[in-house]
Amino acid sequence: MNNTATNTATCPTARKQIGKTTYIVRVHFSQTAKETMEDKIKRLLREEVRKM
């Protein structure tokens, strides 16, 4: 599978190779977000702990 992005805007990118597969993740942050990344991570962790 070979997917390429058509958007040429610069954005943070993470690249991870697992075996023979390379994963490229592009990060997009909403300008209208109502919570910070730190708040989002804390919320996700609280929900995960609550499920345990």
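Accessible areas come from the Shrake-Rupley method with a 1.4 Å probe, and for residues only the protein chains shown count as cover. By that method, the protein chain of this predicted model has an accessible surface of about 5600 Å², of which 54% belongs to carbon and sulfur atoms. Local features need pLDDT of at least 70, side-chain atom pairs count only at pLDDT 80 or more, and totals for chains, interfaces and linings use all residues. Residues are numbered from 1 along each chain as its sequence is written, and side-chain values use heavy atoms, with hydrogens and water left out.

**Chain**
- The protein chain has 1 helix and 2 strands, taken as DSSP runs (helices: H or I, at least four residues; strands: E, at least two) numbered from the N terminus.
- Along the sequence, the pattern is β-β-α.
- Of its 52 residues, 0% count as buried (under 20% relative accessible area; exposed is over 50%, partly exposed in between; 1.4 Å probe, protein chains only).

**Thr32**
- Thr32 sits in the loop between β2 (21-26) and α1 (37-51).
- Thr32 counts as exposed because its relative accessibility is 66%.
- The side chains of Thr32 and Ser30 are joined by a polar contact of 3.1 Å (a pair of N or O atoms within 3.5 Å; within protein, one must be able to donate a hydrogen and the other to accept it, and residues adjacent in sequence count only if both atoms are side-chain atoms).
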